Amino acid sequence: MSSKPASQYFRLKVLGLDRSLEDDFSTSCFAMGAAGVAEDLKFVQADLRYDPDVVETPVLDLNVFFETSPSEDLLLQLQSEYPKIRIELLSEENRDWLEEWKKGFKAFLFAKPFWVVPSWLKPPAEAPSNPDHILYVEPGMAFGTGTHETTRLAAGLIIEELGRKVAGSLLDVGTGTGVLALVARRLGVQHVVGIDNDPEARRTARENLELNVARAKDPANTVGIEIPDKNVEDIEEQFDIVVANIIDGVLTIIQHELNRTLKPGGRMILSGVLTDRESEFYANFTAATGLKLLEKRTDGEWSAALLEKAQG
Ligand SMILES: C[S@@+](CC[C@H](N)C(=O)[O-])C[C@H]1O[C@@H](n2cnc3c(N)ncnc32)[C@H](O)[C@@H]1O
């Protein structure tokens with residue numbers, strides 16, 4: 001696949017502008033021929049949710065973008081109009097980041113026996129000949145190409161759990177590209193539902209699942225995964241297995257909803273827990289839900305676990 005030729009643009013880094021001067025400053029930049037002005041935002045992420053808060057500082061940093069290099073005279077003029085700022089002009093290359101990333105993304109053994117194969121490639125010779133063990137992914141904007149430790153941990157626990165006991169239904173909360181839902185379906189779970197609060201992830205998951213149906217030898221092993229436009233609060237059904245690979249801060253926020261969607265006697269697989277906080281996290285989660293921690297494992301700085309709900 002060919003990538004677009006790289007082209008150049010210019011970025012003026014501006015440090016220390018008084019926020020009250022932001023509008024006037026932007027107007028001056030556009031008058032100088034700028035194509036865009038963007039604040040270099042500062043974030044805080046107090047409770048580990050995915051949406052950090054923006055901090056409004058009295059003094060801000062900006063990036064001003066130009067298609068052609070602004071002249072030295074214009075830069076001197078800007079500096080004299082706003083004497084407190086520090087500026088630096090950088091020449092940068094425009095790249096098609098998705099194409100760049102695609103070049104480095106190869107097929108790999110994801111969680112035995114499954115291989116992940118990028119949608120734009122054919123399975124390599126060493127990949128399994130059973131087409132059910134090939135998971136195609138088109139990453140789009142969603143998380144879940146199988147390269148992350150948390151996804152592999154969750155997949156390993158799903159594969160082992162389904163190896164011990166057949167399950168009729170599974171809910172994948174925070175499905176991303178749908179890769180874990182697909183693993184469950186390929187291992188024979190008849191009723192698989194994936195939900196995600198990010199509409200872009202739901203779109204990617206649906207596309208990925210269609211792609212896998214189209215490429216499967218036996219589409220029956222792939223069809224039937226549902227990706228409804230629902231949050232966990234809207235799920236009324238109870239499932240044999242509930243999987244959630246989401247950062248621990250979010251798992252804590254939705255712990256009662258996760259528990260509510262699990263059948264009595266059912267099993268829950270949690271991933272995305274940072275090892276630094278795992279003891280506290282699992283202690284709080286099990287105390288709040290009454291689930292029993294059966295197994296815990298780690299990969300790098302991430303921890304995942306298998307839990308069980310008592311029979312009714
Ligand atoms: C770490 S990714 C996991 C993706 C995929 N399941 C995997 O294992 O690779 C977490 C996903 O959870 C979603 N998410 C975050 N908070 C959520 C919530 N409260 N309810 C549902 N999905 C959520 C995110 O949009 C993201 O797609």
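Let's start where two helices meet: Thr151, Ala154, Ala155, Ile158, Ile159 and Leu162 in α4 touch Val179, Leu180, Val183 and Ala184 in α5, where contact means heavy atoms within 4.5 Å. Sort the residues of this contact by type and you get nine nonpolar, one polar and no charged. Here Ala, Val, Leu, Ile, Met, Phe, Trp, Tyr, Cys and Pro count as nonpolar, Asp, Glu, Lys and Arg as charged, and the others, Gly among them, as polar. Keep in mind that this is a predicted model, in which local features need pLDDT of at least 70 and side-chain atom pairs count only at pLDDT 80 or more, while totals for chains, interfaces and linings use all residues. Residues are numbered from 1 along each chain as its sequence is written, and side-chain values use heavy atoms, with hydrogens and water left out.

How do the two helices lie against each other? The axes of α4 (residues 149-164) and α5 (residues 179-186) come within 10 Å and cross at roughly 15°. That makes α4 roughly parallel to α5; angles under 35 degrees count as roughly parallel, over 145 as roughly antiparallel, 65 to 115 as roughly perpendicular and the rest as oblique. The axes are lines fitted to C-alpha atoms, for helices over the stretch in contact, and angles run from 0 to 180 degrees between N-to-C directions. Helices (H or I, at least four residues) and strands (E, at least two) are DSSP runs, numbered from the N terminus.

Now stay with α5. Eight of its eight residues are buried, so α5 is largely enclosed by the rest of the structure. Buried means under 20% relative accessible area, exposed over 50%, and partly exposed in between, using a 1.4 Å probe and protein chains only. Even Arg185 and Arg186 are among the buried residues of α5. After the helix comes Gly188, whose phi is positive, near 100°.

β10 pairs with β11 (residues 191-195) in the parallel sense over five bridges, and two strands pair if DSSP finds at least two bridges between them. Look for Val173 opposite Ile195 in β11.

Next, find the open sheet of three strands, in the order β7-β8-β9, with mixed pairing. β7 (108-111) and β9 (134-137) stand at the edges with a single partner strand each, so one side of each has no neighbour in the sheet. On average, neighbouring strands here are turned by 40° against each other, direction ignored. β8 (residues 114-118) and β9 run parallel, joined by four bridges; Val116 has Leu135 in β9 as its bridge partner. Our helix α4 returns here, packing on the sheet and touching β7 and β8, with its direction at about 60° to that of β7.

Finally, compare two single residues. Ala304 lies in strand β16 (residues 302-308) and counts as buried at 0% relative accessibility. Leaving aside neighbours within four places in sequence, Ala304 has contacts that include Leu153, Leu157 and Tyr282. Pro199 lies in helix α6 (residues 199-215) and counts as exposed at 52% relative accessibility. The C-alpha atoms of Pro199 and Gly176 are separated by 9.8 Å, with the two residues 23 apart along the chain.
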